[in-house]
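Let's take a friendly walk through the aromatic rings of this protein. Have a look at the model first, and then we will go through some pairs together.

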Amino acid sequence: MRAARRPATARGGLGWNLLGLLVFATAGFPVYWMLNTAFKPARDAIDPDPHFFPRTLTAENFSRALDVADFWGPVGRSLIVSLAVVAIGIVVGMLAALAISRFAFRGRKIVIVGILAVQMVPLVAMIIPVFLLLNDLGQYDRLTGLIITYLTFVLPFTVWTLRGFIVNIPRELEEAAMVDGCTRAGAFLRVVFPLLAPGMVATSVYAFIQAWNEYLYALMLMSQQNQTATVWLGNFTTKHGTEYAPMMAGATMMAVPIVILFLLVQRKMAAGLTAGAVKG
């Protein structure tokens, strides 16, 4: 019986491994093709018979990408906006998630349903109202206006995600700390906050990616002088056509901050993604 089960188990494991490799190849191929095109000569990037492996490698596309338009200005503005959105979103989102998770108040269910409803609204449907509102407030074509706009869709995601982490932290830990003499704020800072830190890191990374990669609102609400990095990539599309190789080089440079962020917080992020999976 055991001998008969082992081949079946091995076949099942092989099938899951093959499925995992297929998913990895499907998700990783666009990244590989971006890098492949970024290091190709410009003429090979538009070759009607593309090659899976580049025949020659060149860094000329990166120089061309930096020469097309100002690169560091848009990247700096994207960093400012993304970091501000993450900082404000985490602080406000954590307080809101804590209130929803730990306190019973009138209208609590309505708030939760409202958070879900906001996430279901397509971003494109809010362009005109957001434009009119920012124009009335004098925040059109300003980084502060773009930060406020990004918070409208980052905050619901942050609140809902952090709520899931807080719910999985037993109330008894806070109550025990308060019995030992801690105030509610002290119990949160000494007990809940350290346990919540991995979840905050994971949420911060996804919030940063949302703000960094956003294109539509940055295009509609910012002028060319104040454009962000995602809009900057549009400079490679001209009336003469699209320069694919420099565009992919620019996209590669834009991906570097995300990669660095993942490398810095990968352990905390892995812990945050699995937090609450096992209850003891």
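Y150 and F153 sit three residues apart, about one turn of the helix, and both belong to helix α7 (residues 143–167). Helices here are DSSP runs of H or I with at least four residues, numbered from the N terminus. Both Y150 and F153 are buried, where buried means under 20% relative accessible area, exposed over 50% and partly exposed in between (1.4 Å probe, protein chains only).

Before going on, a note on the basis: this is a predicted model, in which local features need pLDDT of at least 70 and side-chain atom pairs count only at pLDDT 80 or more, while totals for chains, interfaces and linings use all residues. Residues are numbered from 1 along each chain as its sequence is written, and side-chain values use heavy atoms, with hydrogens and water left out.

## Pairs and a cluster

Rings of Phe, Tyr and Trp (its six-membered ring) pair if their centres lie within 6.5 Å; planes under 30 degrees apart count as stacked, over 60 as edge-to-face and the rest as tilted. By this rule there are 15 aromatic pairs. In one of them, the ring centres of F39 and F62 are 5.1 Å apart and the planes are at 50°, so the pair is tilted. This pair links distant parts of the chain, 23 residues apart: F39 is in the loop between α1 (2–38) and α2 (42–45), and F62 is in helix α3 (residues 60–68). F39 counts as partly exposed at 33% relative accessibility, whereas F62 counts as buried at 16%.

One aromatic cluster is formed by F29, Y32, W33, F52 and F53.

Terms used. Helices (H or I, at least four residues) and strands (E, at least two) are DSSP runs, numbered from the N terminus.
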